[in-house]
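Reader: I would like to go through the pockets of this model and the contact between its chains. Could we take them one at a time?

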Amino acid sequence: MTEGVDPVGLDFNALAYSGRALGSARQAQNVHRWGWWYQAEWRLLGMKAYWTSILGSAVLTPLLYVLAMGIGLGALVDSSSGGVEGVPYLTFVAPGLLVATVVMSSVNELTFPVMGGFKWQKLYFARAATAATPSQVAVGELLAVGVRMVAEAALFWVVLVALGAVDPRWSWLMIGIAALAGMAFGAPLASYSATLEDEGFEFSMIQRFVVMPMFLFAGTFYPLATMPLYLQWIGWISPMWHGTQLARAVAFGLPLTNGEVAMHLGFLVILLAVGIALTVRNFTRRLNR
Amino acid sequence: MSVIEATQLTKVYSDLRAVDAVSFRVATGESFGLLGPNGAGKSTTMRMIGGTSLRTSGTLLVNGLDPETHGPEVRASLGVVPQTDNLDTELNARDNLIMYGRYFGLPYSYLRPKAEELLQFAQLSEKATEKVDNLSGGMKRRLTIARALVNEPSVLLLDEPTTGLDPQARHILWDRLFRLKEQGVTLIVTTHFMDEAEQLCDRLLVMDHGQIVAEGSPAALIQQYSTREVLELRFGSDRNVALVERLRGYADSIEALPDRLLLYTADGEAVLARVRADGLDPVTSLVRRASLEDVFLRLTGRSLID
């Protein structure tokens, strides 16, 4: 047996310094540039494990909603009032359902998985020991979820078009709008998840007292203006309503002034930017203790 | 050349000085150990080396770079084995190695064959497609160590590498680590097992309450702080302490533990014979070589594993 060679035939010299690996300076250089992508790549790979549920929520949800709202509730609304905002009820509600579904899937992706990365599997700590930085890990996580949202919104939109619920001409813009709204809600949520130390019962509170009221009161099913003023604020502060208004504008031409468009877009972009900054800060704090 | 140069390294948490003005150097190719009980500050020191715990004060250079300002550069030259395995349980053994390697900016064309070599090193080739959840504790530990080697680091940081493993698994791991050391990899090991420190380390820092209490090779520490042999006597828990004064003259020093007395002496058998001749009849007796456990006991008055 030669020195340094294992009985199983493995050359230990090659294991430690094969000369095939990039030098550490080159490794660091690559990671400076692409570290955020490595995290996104890993997170997207992990989604393979539950791609059926992603596909289900993107395809089955619109199918069920269109059947229930369009054919069921829609028939009733249209026959009694002739539609909403000058369009059939299905046309009115479809953009809202798309945005709401995407926003709500951000809750699944950015609550327990983020807390678990610190607390249960501790995978973020494994990442922090690599050449990547905590801020790259944070950005990669958000990016991967953003990619999922675009994919989910695109599938949802295809189903809506196939069912004749939206006119495809401009409505494809809803894909980007829904993903933006989803991340505008998801990024601040991720920053909060990154601070939790216990078992995450806070998340069921968020589900009950933030997500559900937002779904019901943010103008998804009816124009916000039909609500009394003391309830309208729920819509004003929720990314879901701002996204839905923009989605309706591109889907069936809901009349919005330039100022309104800027306000809706600005609200979502600012929320997203603040969310990203806080997520980066909280990941860095927790991984650098 | 020094791989690590720590000067007055200090980490203070709100109510605790976890690492208190610790200075040390580690030379290239050395196998260096941090020995101490739980809470001695070993893991915190390790995390500061990797730049994942920010120091309160002091200076630290790893391969000539400050890990706080050059984290990616420093960590690209390190392999980190954390105290608890944080493998990706959703992935199989092979993908754990490949995906981890991605975080060092390494291409798939390098990582795929490398993963096979590392699986072989960890004796897990047959388990390549097995999910991590289905691996035993020893297998997971070996996989974690293999993972730390994916970027061909020049320094391997091992935090309690064999805690929780059975004796056979520990010996396999020690063998693997020893081979890496032979190939020039610098090993930095924390442990609260004296046998592990003796097996793996050329040089040791003995730490307690965040401070260095002694430094040297295992043999030198034993020579400096202990006698050559130790006589262990058990008289039953109620009599042990009562007999300390009576036995005082028999040995260089005596430590009383709850279950036994340790008599430090150059010749254990001779002392045992005198104790017997004196009419004291211990329930059990044992003569052994002094170990690092004795060094720690002498230095701190406490045993390593409480």
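Reader: In the lining of the second largest pocket, how many residues are nonpolar?

Author: This is a predicted model, and the second largest pocket holds about 420 Å³ of space. Of the 19 residues that line this pocket, those closest to its centre include W42(A), R43(A) and E90(B). Its lining divides into four polar, five charged and, as the number asked for, ten nonpolar residues.

Reader: Which elements of chain B each supply at least two residues of the lining of the largest pocket?

Author: The largest pocket has a volume of about 700 Å³, and among the residues closest to its centre are F125(A) and R47(B). From chain A, at least two lining residues each come from α5, α6 and α13. On the side of chain B, the elements that do so are α1 (42-49), β5 (78-81) and β6 (155-159).

Reader: Which residue of chain A forms a salt bridge with E117(B)?

Author: Between chain B and chain A the count is two salt bridges. In one of them, which involves E117(B), the closest N and O atoms are 2.4 Å apart, within the 4 Å cut-off, and the partner is R20(A).

Reader: Which element gives the largest share of the side of chain B that touches chain A?

Author: The elements giving two or more residues to that side include β1 (2-13), α3 (93-102) and α4 (108-121) of chain B. The largest share amounts to eight residues, and the element that supplies them is α4(B).

Notes
Residues numbered from 1 in each chain as written. Chains lettered and ligands numbered in written order. Predicted model: local features only at pLDDT ≥ 70, side-chain atom pairs only at ≥ 80, totals over all residues. Heavy atoms only, no water. Salt bridge = Lys/Arg side-chain N within 4 Å of Asp/Glu carboxyl O. Helix = DSSP H or I, 4+ residues; strand = E, 2+ residues; numbered from the N terminus. 1 Å grid on protein atoms, 1.4 Å probe; cavity = no way out; pocket = protein on both sides within 12 Å on 5 of 7 lines; lining within 4 Å. Points joined across faces, edges and corners; volume = space filled by probe spheres on them. Nonpolar A, V, L, I, M, F, W, Y, C, P; charged D, E, K, R; others polar.
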